[in-house]
Amino acid sequence: MPPNGSQARREEILRLATTTGLASVEELSRHFGVTASTIRRDLARLTADGRLARTYGGAMALTAHPEASLRQRTTEAYAQKRAIARWAAAQVQPGETVLLDAGSTVGALAHELRTARDLTVATTGLTALHELADVESVHVECLGGTLRPLSQAFVGPLTEAALERMTFDRVFLSADGVTADGGICEADLRQTRLKELMARRAAHVYVLAHAAKLGRAPFHAWATLPSGWTLVTDTAATDADVAAFTARGTRVVLAEPADEPAPAAGED
């Protein structure tokens, strides 16, 4: 039973944020059986004490999980991700076999592919599986393995073994950060190794990353990409951002975001 005392409740909030990467106001309110206002006061106190960092709709632990959870990232740069996803979906042709990474932007692409016909999609991400599970015109292959809860992605030797048995017309990769010289930056070495293997199995490689991720290196695990890959970002990318990538032979696409509201915090 969740603790009811203020101090005990705050300690439990901190524990949940540390172990799951997310403390959502709505979820915590239900979990503890208290009002959202009470939870907001708890989060404000923990933030003031330097124990949590506030995020849109909640808070996250400062130390144990500097990587944001997939649920947190879903509402960030929403319009930009949807624009990137729409452009990417337009590249996919009937009869192709494509590979989808995990991640919120690639998840948005999976949503766009719900109207596709005669398509085979393999994926390492739970979001893509959920989006396409009921689409009869799309054949779905799950590259299972070890589930990494924070990113909702399958990783590890079983995933890699399944990947070796397939080739793809296109692969769409996500990134925590992406630089012109380093490639894709991620929080987990298993994910970066898997991304490199995914890129090797596809004829066309796309990295889907909104402009705020360009030039960022928040972690110390890297995936080096083969030459000729395409960066799909949004129109907030600066000329300097674009020039750094094009100078190294990377094609850069700028997708124009539409004016659309983001889903409410906590929605998938």
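**Figure 1. H220 in the loop between strand 12 and strand 13.** In this predicted model, H220 is placed in the loop that links strand 12 (202-208) with strand 13 (221-223). Its relative accessibility is 79%, so H220 counts as exposed. Although H220 and C185 are 35 residues apart in sequence, their C-alpha atoms are 6.9 Å apart in space.

**Figure 2. The protein chain as a whole.** The protein chain contains 10 helices and 15 strands. It has 268 residues, of which buried residues make up 51%. The chain exposes about 12400 Å², and carbon and sulfur atoms supply 50% of that area. When contacts between residues at least 6 apart in sequence are considered, 60% of them join residues at least 24 apart.

**Figure 3. The packing of helix 2 against helix 3.** Helix 2 spans residues 25-32 and helix 3 spans residues 36-48. The two helices pack at an angle of about 110°, and their axes are 9 Å apart. An angle from 65 to 115 degrees counts as roughly perpendicular, and helix 2 and helix 3 are therefore roughly perpendicular to each other. Their crossing is right-handed. On the side of helix 2, the contact is made by V25, L28, S29 and F32; on the side of helix 3, it is made by A36, I39, R40 and L43. By class, the residues of this contact comprise six nonpolar, one polar and one charged.

**Figure 4. The crossing of helix 5 and helix 6.** Helix 5 (residues 78-91) and helix 6 (residues 104-112) have axes that come within 8 Å and cross at roughly 50°. Helix 5 and helix 6 are therefore oblique to each other. The crossing in which helix 5 passes helix 6 is right-handed. From helix 5, the residues K81, R82, I84, A85, R86, A88 and A89 take part in the contact; they meet S104, T105, A108, L109, H111 and E112 of helix 6. The contact of helix 5 with helix 6 has six nonpolar, three polar and four charged residues.

**Figure 5. The burial of helix 6.** Helix 6 is mostly covered, with eight of its nine residues buried. The buried residues of helix 6 are S104, T105, V106, G107, A108, L109, A110 and E112. Of these, A110 is also among the residues in contact with L132, which is the subject of the next view.

**Figure 6. L132 in helix 7.** L132 is found in helix 7, which covers residues 126-132. With a relative accessible area of 1%, L132 is buried. Beyond its neighbours within four places in sequence, L132 is in contact with L100, A110, L113, R114, V121, V138 and V140.

Figure 7. T124 lies in the loop between strand 5 (119-123) and helix 7. Its relative accessibility is 1%, so T124 counts as buried. Leaving aside neighbours within four places in sequence, the residues in contact with T124 are L100, D101, A102, L143, Q152, A153, F154, T159, L194 and M198.

Figure 8. Phi of D118 is near 55°, a positive value in a residue other than glycine. D118 is located in the loop between helix 6 and strand 5. At 57% relative accessibility, D118 counts as exposed. Q152, likewise not a glycine, has a positive phi of about 55°. The loop that holds Q152 runs between strand 7 (146-148) and strand 8 (153-155). Q152 has a relative accessibility of 27% and therefore counts as partly exposed. Q152 is also one of the residues in contact with T124.

**Figure 9. V242 in helix 10.** V242 lies in helix 10, which covers residues 239-246. Not counting residues up to four places away in sequence, V242 touches A237, V252 and L254. V242 and A211 are 31 residues apart along the chain, and a distance of 9.8 Å separates their C-alpha atoms.

Notes: Residues numbered from 1 in each chain as written. Predicted model: local features only at pLDDT ≥ 70, side-chain atom pairs only at ≥ 80, totals over all residues. Heavy atoms only, no water. Helix = DSSP H or I, 4+ residues; strand = E, 2+ residues; numbered from the N terminus. Buried < 20%, exposed > 50% of the residue type's maximum accessible area, 1.4 Å probe, protein only. Contact = heavy atoms within 4.5 Å. Areas by Shrake-Rupley, 256 points an atom, 1.4 Å probe, with all protein chains shown as cover. Axes fitted to C-alpha atoms, helices over the stretch in contact; angles between N-to-C directions. Parallel < 35°, antiparallel > 145°, perpendicular 65-115°, else oblique. Left-handed = near helix turned anticlockwise from the far one by under 90°. Nonpolar A, V, L, I, M, F, W, Y, C, P; charged D, E, K, R; others polar.
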